[in-house]
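Subject: Structure handover

Hi,

Here is the structure I promised you. Please open it and keep it beside this email while you read.

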Amino acid sequence: MSNNPADDEGYNEYLYKILVVGDIGTGKTSIIKRFVHNIFSMHYKSTIGVDFALKVINWDPKTEVRLQLWDIAGQERFGSMTRVYYKEAVGAMITFDVTRMSTFEAVAKWKADIDSKVTYGADEKPIPVVLLANKCDLGKDAFIKTANDMDKYCKDNGFIGWFETSAKENMNIEKAARFLVDHILKNDVRRNQPIEGTIQPGDLNKQPQPTSTGPSCCK
Ligand SMILES: Nc1nc2c(ncn2[C@@H]2O[C@H](COP(=O)(O)OP(=O)(O)OP(=O)(O)O)[C@@H](O)[C@H]2O)c(=O)[nH]1
């Protein structure tokens, strides 16, 4: 008898490609490093092109979720590579820096970029996207939106929810990621008809349009 849970009948592994995008210096790499390795550094080294990280989540005793996180450089929106990087993604996080309003204004452009370049399922639904208001440890004085404004913004712009996060203080990152994964799993039609092995992101379908905003923030 094997000690490997993957040998159990009914045990499933899911591999999901998740994009992490947003303007330069908004904290994408820091969020991923906090989530995957539980580390943080103030040292800023801009990502060139794309970087990758893998996070394995034991979702429940019968389910392992492997997140392949694609850390895409903030400057890439001005390049032509995003279409290639976005291919087969099933979810995304868009980050902005609460101390720089211009990075919030850029969120709509990132969302439009994703929506125009990646869909899934036969009916080409948009992939679910969660919005991260990062660096909330620095105070939100510069950020004039209220929680109600943000809820409305998410609803109007097709985000499944938003979270105030801090990579520095380890605030809400895991919660936001789990919220996104929960959404992906619930809409993965194969989940309730388990098959052996890994489900490829391109296999997903029946993803409903995001209609409601999720739990928001770290108040
Ligand atoms: N105070 C604070 N600083 C943060 C936080 N997250 C990131 N930073 C800092 O912000 C700077 C930029 O962070 P990165 O994670 O490199 O940002 P990025 O979005 O990956 O940047 P690009 O790769 O250039 O697009 C670094 O100096 C980080 O230490 C946070 O939650 N709070």
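A charge sits over a ring if NZ of Lys or CZ of Arg is within 6 Å of the ring centre and within 35 degrees of the ring normal. Keep that in mind for the first stop. Note also that this is a predicted model.

**Charges over rings**

Start with Lys-17. The charged end of Lys-17 sits over the ring of Trp-70. The distance to the ring centre is 3.5 Å. Now find Lys-111. Lys-111 lies over the face of Phe-159, 5.6 Å from the ring centre.

**Rings with rings**

Phe-159 turns up again here. Together with Phe-96, Phe-104 and Tyr-153, Phe-159 belongs to a cluster linked by ring pairs. How many aromatic pairs does the structure hold? The count is six. One of them joins Tyr-14 and Tyr-16.

**Two strands**

Next, look at strand β8, residues 161-164. Strand β7 spans residues 129-134. β7 pairs with β8 in the parallel sense, over four bridges. In one of these, Val-130 has Gly-161 of β8 as its bridge partner.

**The ligand**

Now move to the ligand.

- Gly-27: a backbone N or O atom lies 2.9 Å from a ligand oxygen atom.
- Thr-29: an N or O atom of the side chain is 2.8 Å from an oxygen atom of the ligand.
- Met-42: a polar backbone atom is 2.8 Å from an oxygen atom of the ligand.

How much of the ligand does the protein bury? Taken alone, the ligand exposes 650 Å², and the protein buries 96% of that.

**Thr-47**

Thr-29 has another partner. Its side chain makes a polar contact of 3.0 Å with the side chain of Thr-47. Where is Thr-47 placed? Thr-47 is in the loop between α1 (28-37) and β2 (50-60). Is Thr-47 buried or exposed? Its relative accessibility is 14%, so Thr-47 counts as buried. The cut-off for buried is under 20%.

Best wishes

Note on methods:
Residues numbered from 1 in each chain as written. Predicted model: local features only at pLDDT ≥ 70, side-chain atom pairs only at ≥ 80, totals over all residues. Heavy atoms only, no water. Phe/Tyr/Trp six-rings, centres within 6.5 Å; stacked < 30°, edge-to-face > 60°. Buried < 20%, exposed > 50% of the residue type's maximum accessible area, 1.4 Å probe, protein only. Pairing = 2+ DSSP bridges. Polar contact = N/O pair within 3.5 Å; in protein donor to acceptor, adjacent residues only side chain to side chain. Areas by Shrake-Rupley, 256 points an atom, 1.4 Å probe, with all protein chains shown as cover.
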